[in-house]
Structure formats: C-alpha cells, structure tokens
Amino acid sequence: MTSTCSTKERRPILPVFSFVPLALLASVAIAASASLDGPQGTLTVNERGLSLSPRSPQCPAIEAVNKPLWTLLLQSSSGQVTLSSIGQKPRQETTADGIRLVYENLTDGTNTWKVGLTLDIRRKQNAFEISGEFRNDSDGVVVHELACPALSGIAAPRDTHPLIWPNGLGEKLGVAAKPGERTFPYPSRTGTMQWCAFTGERGGLYVGCHDATHGAKTFASRFDPKTGQSTLMIRHQPFCGNRGRWTLPPTVLLPYSGTWHTAAQFYRSWFDSVVKLRPQLDWVRNASGWLLCILKQQNGSVMWDYPSLVQLCDIADKRGLDILGLFGWAHGGHDHLYPDYIPDAQMGGADALRRALKEVRRRGKRSIIYANGQLIDIATEYYRTQGKDQAVLKNDGTPAREDWQKFRSFPAVKCALACQASEGWHKRMLELARQAHDLGADGILFDQLGVTKPMPCWATNHGHPSPSMVYAGERAKWVRFVADEMKRIDPEFIVMTEGLHDSLLDSTLLFHGCVFGVLTHSEKQMRALMDGKFDDAMFPEMFRFTFPEVLTTQRHPTPMLNRIEANYACLYGLRFEIESRYAPDVRYLKEGVVPVREDYADVLNTPRIDIIAATPPAEATRYLKQLTEFQRRYATLLWRGRFVDDRGFQFKGERLIAKGYTAGNQLGVLVWNPSDRPATFTMTVPKARLASAAEPERDHVDPFSPLPPQSIRLLVWQKESDTRRPVVTPTAVPMEKQEPVAGHAPSLLPSSKKWKMVWNDEFDGKKLDDSKWNYRLHYWGYPSPTFTDEGVELDGEGHLKINLIRKGDDFRSAHLQTGSLTFDIPRDPGSKSFWPFGVKKKAKFMHKFGYYEIRCKLPKNDGWHAAFWLQSPSIGAHPNPKYCGVECDIMENYRQHTEGTIGCGNGWGGYGKENKWFGHFWFPYKETQDGWHHYAVDWSPDGYIFYADGKMVGKQMAPECPVSDVEQFILVSTECHGYHRSFGRGGLESKDQKGWIGKPVPALFKASLPDCFEVDFVRVFDAE
C-alpha cells in the first residue's frame, strides 16, 4: 500500500473527501521555544510555528507568521472536522538529536477526540527532518488527511529564488507565474518526484519528502507578491480508521549553498539508498526513438494491417527510428474493448501478426505492443465477470470512470478505472505481458499508468483498507512484479508506461513521455525557454539531472518532427517520436501528402497541422535521419553518457542553450540555436582540450563559428588532467551460463546475443598445446631477460599454470600468445638492412570480433601481474586504427594488491610517440568463494564491452574509441619487470640495443613462492 495504516476495526465512512486550505490563521500553542543548530542553519519551533535561519544569506529563511504547523482532517458521524496545531497543548520532550512534540488527544475547541499526534523534529547531517506518527482511537472516525509540515513565511522572492517544481520533467515558477495556490500530486504526471526547491544562483532551500513507500501526497505552495513570501505544505492522505496507526514519512529541509544541482543530488542520494534503478538494456539505450502507429482506430477503421508492418519498417528506416510502437493492434481498436486484446482477423490474424513481428526483428527493429494499465471498457464481458470487482469504487459505491471519444461520428467508450491494488488486475496485466512476448514483441506499454494521480477507493475486496488512496505505492509494486516475471522469461523484454514518475524507476526501462517538458511545446513555452524567463517555464533539467539514466520518448502526436522539436529532444536526451494516428497521417507517411484541417473533420483531437504544413515532408524526413545518425556516431556521449546540464564548462551565447554529457574522460557540449538568426558563443572547459566539433548536417565545422539558425552543434572536449578513469561499479546485466565443453566449467555469456564457440583451449593433458600457443621472448628484436619459456605447466586436471620464477636476484615469467608482431621477431645479427628483423612466423590463431573469455585465478603476490588481452600484428602501421588494430586489454591485475582494482581498456597507434589510450576502466577486485574469475570482452563493429564475473564493467564504443576491423591474436601473459617503467612503480629503468638494464620491482623480493597465474580455459565465441 502507498500509505500504511494498521487498523483493528473498520467503521462506515461518510462521503467526504476534500483538501485543507493553506490560510488558517492563529497562534500555535507550543510549550516553549526550542532550537536545533545544524551546519547549514538553525531551526526553531515556537508558538509562531517553524522558523529557519540559514547560515548563508543566499539561502531563503523561514520566518514563522502564526500559521499552523499541521492540520488534520477527520470525518465523523457528525460531519467533517478540521483540527490544527492551533489551540493544542503538546508535551515537549528532548531527544538525542532533536525535540519531540506529543499531542495526546486533539481538540477542536469544543470536542476532544481520541486522536493523538507525535512529531519528531531532528537534525540529520546537514539537514533537518520532520517525521511522526498519529493514532486514531475514536469510534466512527476516519483521519482523511494530515497536512504536515506547513511552512509559512518562506522569504524567497520569485525574481531571485524561483521555485523549481517537479511538474513532468520540471517547471520553474517565477515572478510571472500564475497567482493562487499551486499543487502537485505525487505520484503522477504532474508530480514526478517528491521534492522541490526555492533556488537562487548561489544558494537555496530544499524541501523533500523521503517516503520510500511512494505514498499518496500533494505538495501545495502559494506566493504572496505583496510580502515576497511563500507558503509550502505537504498533504498526506492516509485514510486511517478506528484503532489505526499511521506513520508520517520524513520531510527534509536543507538550506544549501551553490546551484540547484546540490538539491537534486541530495534527493538522488536519498533515493539511491532506498530504491535500485533497474539496469538498462543495451538495445534500449542504443535506440533513437520510435514510430508510434495506431493500426486500428476506435471506430473500427483499419489503417495498417499486420503485413504492412514491413512498410512501417521502411518508414522508420528513412527517419532513423529503431522501434515500432503498435497501438490499436487488437480486435477492438484503440481505446475500445479493454482489457481484451485479441489479434484481429480483419488485420490478418494471430499468425500474420507473429510473422510480421518476426520480420520486424529481422529488419533490425524492435516492437512494443500496447495495453492500457487502468481502463476497463464497461461494455465488455470482462467487466461484467471480473472487471466490476476490480474497479475503483467511489464513496457512493459507483465505479470511478473515464469516457474516451476520438471521433464525432463514434460514441464515447465508457470505461471504469481499475484499482491498482486488485490482485485480479495484476494477474490480467501479467497475462497481457506474456501474450505480447508470445506474439514476438520486445516489450509492452501500459498506457496511462504513469499519468493518473492517486485517488480514494472505497472497495472492500481489493486487499486494501476501505477507503484507501490508490494509484500510489501499489501501482509501482505490480509493475515491478510484472517486470520481474517477464525478465525471468526473457531478460531482453521490457515494460514501458505512459507518463513518468520516480516510483516506477525500479521496473520501467523506457517511458512514453506524456508530461510537461516532453509534450509538444507551445510557442510561448519555447520563448520562455530561450529567454530564460521564469514564467511557468519548462525546466527539463530538473528531472534529467536528477535521473540522467532514465530514458523517455517525446510525446509528439504528429506524423513528423520539425527542427525545433527534434533539436529539443536531442539537446535533452529524449528519444524521438512521430505518430501515425489517423488516415491523413498514413497518407503523409506513405505518399508525402500534407494534410489540411478538413482531413481531420471527424477527429476530436487533431495533430498540430500548422507544424506539419510548415516543413516539406522530404525536409522533415531528411533532417530527422541526419539527427539520428549524428546521435549514433556520438552515442557514447549522447545516448550512453551522463547528462550534466551546464556543469563542467563556462558558456556565453545570447538566446542559445548549451547542455553537457560526460563519458569517461570526455565532455560533450551540445549547443542549440532555436532562433531564426545566426548566433555566436564562447565556451571554455577547465583542464581540457577541444577534440572535435560536428553538426548533424556537417561532420567538420569551425567550433566557434556562428551557429546557424535552428541548428545544433556538438563540441567534444578531452579532459587532459585525467590519467586514468575512476573506479567504476560493475553493473548487473542479463547473463547466461552455458557449457560448450562437456565436463568443464561453464561460460558466462551475455544473453543479448546467441553465441557459437569457434576456438578454445581447456588445457587438458600434461603439455601445452603448441598448435595453439607460442612464447613471446623478444622485445624490439632483442632477447628480454624478463620473458621466458620456463615455468609453464599443465596440472593434468585441466588447468594452465604460469609460474613466477626467481633466479638469484632476478625474476621472470612467461608470455603466451596465439600470434606475434614485429617486436617478437629476433633481429638478424649484423644486418645492415632497412628491415633488420627476421622472418615472421605464421599465427596459430587470429580472429576478428566475437566474445573472448578467460576463467582464471590471479597471482597472490604484488610486483608482477597477469593479463588477458588482444593484439594486432600490424598495430600502429596505419594512421587509422580500424585498418591496423587496437590493443584490447580484457584484464590486467597490476593494481589488484596496491589499489584493489582490476583494469581493462583499449590503446592504439603503435607503441611510440603516436600511441594513444582511450583510458582504462578500473573496477573493484572482489575475491570469489572458489578463487575463480571470469573476464571477457564483446568486440563488435560497434565497440568493446568489458565483463568481469558476469557483470559489465565498462564500454568503449565507436566513434569515440576506434574499433579494429582486422584479425587479432590472443595473449595470456605475465610480467615481472614490464615493458617500461610503469609510472614509477618499478620495472625496467632503461634499455639499450645491447639488451636490458633494469632492476626487479622491489615487491618481488617479498613474494611468497610458489606463485602462479592459473587458467582454467580460454574460449572465443561468435555471435550467431
């Protein structure tokens, strides 16, 4: 349940449900003034209410002005009663970290009620927290609502400290904001997170409810332009009956210094402590967007049959879109006969749909099938037999309803709203997800589910108290249940919802944006965005910065995207959308016929015809294709990078907007000119060099030349101060255990592809297989005392052991490889030829692309290290690494003992002055129970994905990281001196043409021998 109220007895409830107004005036009777000092300010509770004196003058203060700290709404047999902190006499207690106010029995001035309230006000690190509990021991009384805390006298002038508000992706309320009370109900499309902030350029006030249950609540604020002050309260709807207890979730106040990003990071830090985001799938992250198609409309007209999905693939291809969203695919058409979704004989039947979806997948597209997450058509047999018992009931016993009418000539479809706590409804939604998977779809969209705000349900058979607020925590619970079940069936199958809020982030991998900041924008909204005016302005940065991993499509109910909407989506990392809803849309997409208003004469909600007519169809198609290809080229930053808003760079440009994305040691800044004239800008990035600049229509541009109107430009900066990547946290991804060799340990393979083993060595027997391996013994043609062909053994139990060998005051160990490069060829003694090296030997095994895996136990001592890697015989021989190879280090453990990390990554350009490193990933080394580890890389034309013990540890993808397109050989190696000085950690101090001069790493003299690098198998797989 969203708000848990334990109760021993339920009483009849009268039909009342309303909200408490903000403006209740009187003095608050609190025993004495009490103050709490914190690092950021002092919080005071007294007879005037709650006050806050921040340390920084940049943070808004709260000056209590004799308004109630809380209000409580009761419903009794005699009617509605409003109680507040006014006139109460609490007992004040001191706790270890704050104060407690205990209200034993509340009074309205005439009657006393057996309803008690306890509030705890405490310091919590840099913030202050208000939480509590109430009890209801009054017969026949239900507590409908608790508004707590109520903050009055917030000194936050809207011209300096506008209120940022989680309406959709975000909204900024400034001096020109609409007057009156503003509210956002959570969770819903207008309340996507549980926090807001009065924020200035150098400080602000964060107010957030840290409610891990995602309970129903409404934030309410009012601004008084005369005083320049605001009020803010949080209204909870617990519906707590007789003998009930209800816990007030914590509200946290944080006066902070700096920009609003501090507030966003504070909320995200709390969120991560209670919720784990569902790991993203590669195919979703790498998708440009979708073509949303209604196949059959509400009135029964068929616009696309199942075989025509092939045509839709062609249409999507021309625009660079990767997903088909199939709405109205069932017998009832769109918004009709829900929740029955039966493949329609009129469109070809179930077998034709399966064949079509299979062809969609063959064409490289993904498909998402539609279902509605809340509507039950009351004309269906399902409603009569099951749905009426699953519907939300109002206090008069009738179902909550929504009527949907799409056409003037077709009557409205009457629907009941399903209660999200009903187990029968959960079962039906899971059945629909399984059906979508069985038909061959890659996911299911539960429409409207992230849109609807919480509402009361008076049913007694849904498993919740009666009444209870639904469409809150229980909604998130069943979506997570369906997502988990479908992941068990198919780890690549996804659940989508329409709308967006953070209660669904542990279940939903892609949202269909139908929220403020995502929907098609008005001219007024776009002007406010460009001018930076605080006039109910869109503030998409709020959600995008707080949750940069979250992916959502646009909501653009039009069969094309103009440059403004397309560039906006690109700038903020939204996935593109175009929609085919009505017959004129079909003609536009098939034939390029621009519709006119008369074409939609029977349609109640038409597309934006002005937008469609303003851009020729061929131009709209061309630009969207160029933009998707542009994003694909820079996918590491724009699709897989992290949105950082305007942090990390300084930017100046009139009527321009710049947003940053980071990936590894790169920062990409997108600059958008939404105006109708060219514009200039300046940009600096501390401790970084400008690596490249590009536009969708031009690959190479002068970075700081005037930006053309309605254009976007990406500047990629390389952070020069970074010598290596920070330690990363391995990410759980779908993996499968497979046993390609009977009697040997299984492989851990990414389940996103089907794999076929093409080469392996299980190290059976007593002798190394010299048809597969040779030894590296030379470096630049000279014998190296650090390399050897000694100390390599097979133990007869299927294991290779490469031992560390000590000879006096020197050490050596072996390099095994399946090929060789120029360095490995001995020089011809006395040769005066330009080519002093001898004859190169034929490789034992070379391969291009695939999955390379080792199962191994790492050395126990520091001072020498093991590696599993790939090398090209011709690395550095061509200016383009694509044609001469990229060194791929799948596993290097030389920081295992000193820093507790393992590394992987790529380098290219040879091993001289032209050598370049993209930067290694370093991930924590954690010992397994049996000591065995799996390390692997998936090398494909798209790039390199690295894995450790069944988890993904990093990616280095094109175009930022070059990808080798030539065959390379495998190395299983150890080094006890290294090729070079290894950044001062020891190794060879110098070398000359006569050989090597160097000293062993000092740690080797402390090594406990014997020690070895033990390998169970090496395997290579190709994706089928």
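Strand 54 (residues 810–817) and strand 64 run antiparallel to each other and pair over three bridges. This is a predicted model, so let's take a friendly tour of a few of its parts, starting with that strand. Strand 64 also pairs with strand 56 (residues 865–871), again in the antiparallel sense, over seven bridges.

- Strand 64 covers residues 969–975, and seven of its seven residues are buried.
- In a regular strand, side chains alternate between the two faces of the sheet.
- Here Phe969, Leu971, Ser973 and Glu975 point one way, while Ile970, Val972 and Thr974 point the other way, and all are buried.
- To find the pairing by eye, look for Gln817, whose bridge partner in strand 64 is Leu971.
- Another bridge to look for joins Ala866 to Thr974 of strand 64.

- An open, antiparallel sheet of five strands has the order 36-38-39-42-41.
- Strand 36 (642–645) and strand 41 (688–694) are at the edges with a single partner strand each, so one side of each has no neighbour in the sheet.
- From one strand to the next, the twist averages 25 degrees.
- Strand 36 pairs with strand 38 (residues 657–663) over three bridges, and Asp645 has Gly660 of strand 38 as its bridge partner.
- Helix 10 (residues 563–572) lies across strands 36, 38, 39 (666–673) and 42 (711–719), at about 40 degrees to strand 38.

**Helix 11**
- Within helix 11 (residues 583–591), the residues Pro584, Asp585, Val586, Tyr588 and Leu589 are buried.
- Their cover includes strand 22 (289–294), helix 3 (309–319), strand 35 (576–580), helix 12 (609–614) and helix 13 (617–633).
- Just after helix 11 comes Gly592, with a positive phi of about 75 degrees.
- Lys590 lies over the face of Trp304, 5.0 Å from the ring centre.

**Aromatic rings**
- The count of aromatic pairs comes to 45.
- One of them is the edge-to-face pair of Trp260 and Phe545, with 5.6 Å between centres and 70 degrees between planes.
- Trp260 is in the loop between strand 21 (244–257) and helix 1 (261–274), and Phe545 is in helix 9 (residues 541–546), so the pair ties together parts 285 residues apart in sequence.
- Trp260 counts as buried at 8% relative accessibility, and Phe545 is buried at 9%.
- Tyr894 and Trp922 also form an edge-to-face pair, 5.9 Å centre to centre, and both residues are buried.
- One aromatic cluster is formed by Trp195, Tyr206, Phe266, Tyr267, Trp270, Phe271, Phe543 and Phe547.

Notes
Residues are numbered from 1 along each chain as its sequence is written. This is a predicted model: local features need pLDDT of at least 70, side-chain atom pairs count only at pLDDT 80 or more; totals for chains, interfaces and linings use all residues. Side-chain values use heavy atoms; hydrogens and water are left out. Buried means under 20% relative accessible area, exposed over 50%, partly exposed in between (1.4 Å probe, protein chains only). Helices (H or I, at least four residues) and strands (E, at least two) are DSSP runs, numbered from the N terminus. Contact means heavy atoms within 4.5 Å. Two strands pair if DSSP finds at least two bridges between them. Axes are lines fitted to C-alpha atoms, for helices over the stretch in contact, and angles run from 0 to 180 degrees between N-to-C directions. Rings of Phe, Tyr and Trp (its six-membered ring) pair if their centres lie within 6.5 Å; planes under 30 degrees apart count as stacked, over 60 as edge-to-face and the rest as tilted. A charge sits over a ring if NZ of Lys or CZ of Arg is within 6 Å of the ring centre and within 35 degrees of the ring normal.
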